[in-house]
Amino acid sequence: MRNITIGEIVRGDREVFPPYLYEAYQSTRRRAPMLPLIEVPLTLSELTGPGPAISDITPEDADLTRNAGTGGEAIGQRIIVTGRVLDDGGNPVPNTLLEIWQANAAGRYLHKRDQWPGPLDPNFLGMGRCLTNDEGIYRFLTIRPGAYPWKNHPNAWRPSHIHFSVFGQSMLSRLVTQMYFPDDPLHALDPIMNAVPTEAARKRLIALYDHDVTEPEWALGYRWDIVVRGANATPFESKEGEQ
Amino acid sequence: MIKLPLTSSQTVGPFFGPALLCEDAIRNVLTQPETSGERIRIEGRVLDGDGMPVPDAMVEIWQANAHGRYNHSADQGHALLEPSFLGFGRSGTEEDGCYWFETIKPGRVPFYHEQFQAPHICVTIFSRGLLNHLVTRLYFEDEQTNAEDPILLRVPDERRSTLLARRGNREGMVVYRFDIVMQGAGETAFFNL
């Protein structure tokens, strides 16, 4: 992680969000915007969003160990991943869509562009979704993903992670991120995780092992809360209207 | 008031397609037969800093209906709500970097006091190599009200044209062309949102 160029352009809070350009993660080099982001006032367009309206979900969608529909169960360490989606005012975000995707227990994605020689699991699609309940709580049953090799630099391995897509209540709360597992030696070597600017913000991407979530003779439990930007900002602030 | 620290963003990576673009998650077509408004097709390419197509991006849009009403509880305006028009679209990009939507041209939504915004569509872009998503807006080049739009006026003159979709026609369909340039010459104006 030495001698890397870190771009100036950051969306939102610089203590929290990664820069667009983070050269150690090579794909950012030709995809990061180089011109300043435009500062704009919040309007109705940003304070609304599709979050509450998508709801075509079945309970089976949240069980990645069985949702391949083969009748068989995915191989791997069975885990429960649960937590709350909150806004930055501490309010639960109810009835919002979470979509997740991940590698299988061997670290292989079911995707035509993933061709490394890790075995595929016919009973594992690696995708799931659910809606948060009235208290903002979500829950997935899955298997622990393996580490995954990639070609970013020699002997590069992504730490075990689960991708999350969250809508929340407005355009401001839209978030795509990754959840990591505790005590993984690959964290310190991963440029994607290390693009997050502060130790505190990186730590918030790591789930906690929670023995109260663990179910006996069944599955290990992990807890991970997600905090998204609330729509509590006032639209059309007077200074914006007086220009 | 409590102020919880936000969860950081990470890239969508290269392998989101089966989850986010599966049959019941992709939404290229926003309209229903009963949806009112001018039917339009929006299409364009996502391009990187070398001008090369980005074949593994995802584009999401959010828009008001033809009356200028968002299908969302925070919109308490008086414009007509059409419950069957959600106003949300999600498209992947193909090998040639192309994405597309079939939708309607949105109406004007309020800004502040008696002011209105020009018709626009909120656009969000995700891809491998984007540690945060990109946020911008699509405006319509043939729309008179662009000249007084409070957001468009915040965009430096020389960059404003990157937000204007070009109107064309194909087989009787109105097509608005909107390329998204992530970096370099003609870089799209992105917002800090």
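1. In this predicted model, chain A and chain B meet through 66 residues of chain A, which are in contact with 60 residues of chain B. On the chain A side, at least two residues each come from helix 1 (44–47), strand 2 (97–102), strand 7 (161–166), strand 8 (175–180), strand 11 (226–228) and helix 4 (238–241). That side comprises 36 nonpolar, 15 polar and 15 charged residues.

2. Regarding confidence, the predictor assigns the complex an ipTM of 0.97 and a pTM of 0.96. Chain B has a mean pLDDT of 96, with 99% of its residues at 70 or more.

3. Chain A is assigned domain 1 (1–39) and domain 2 (50–232). The centres of these two domains, taken over C-alpha atoms, are 24 Å apart. Between them, 10 residues of domain 1 of chain A are in contact with nine residues of domain 2 of chain A. The domain 1 side of this contact has seven nonpolar residues, one polar residue and two charged residues.

4. Asn155(A) lies in the loop between strand 5 (148–150) and strand 6 (156–158) of chain A. Asn155(A) counts as exposed because it has 6 C-beta neighbours inside 10 Å, and the cut-off for exposed is 12 or fewer.

5. In chain B, Glu171(B), a residue other than glycine, has a positive phi of about 50°. The loop between strand 7 (164–170) and strand 8 (173–177) of chain B holds Glu171(B). With 5 C-beta neighbours inside 10 Å, Glu171(B) is therefore classed as exposed.

Conventions
Residues numbered from 1 in each chain as written. Chains lettered and ligands numbered in written order. Predicted model: local features only at pLDDT ≥ 70, side-chain atom pairs only at ≥ 80, totals over all residues. Contact = placed C-beta atoms within 7 Å. Helix = DSSP H or I, 4+ residues; strand = E, 2+ residues; numbered from the N terminus. Nonpolar A, V, L, I, M, F, W, Y, C, P; charged D, E, K, R; others polar. Domains from an automatic or database assignment. pLDDT = per-residue confidence, 0-100. Buried ≥ 20, exposed ≤ 12 C-beta atoms within 10 Å, placed from the backbone.
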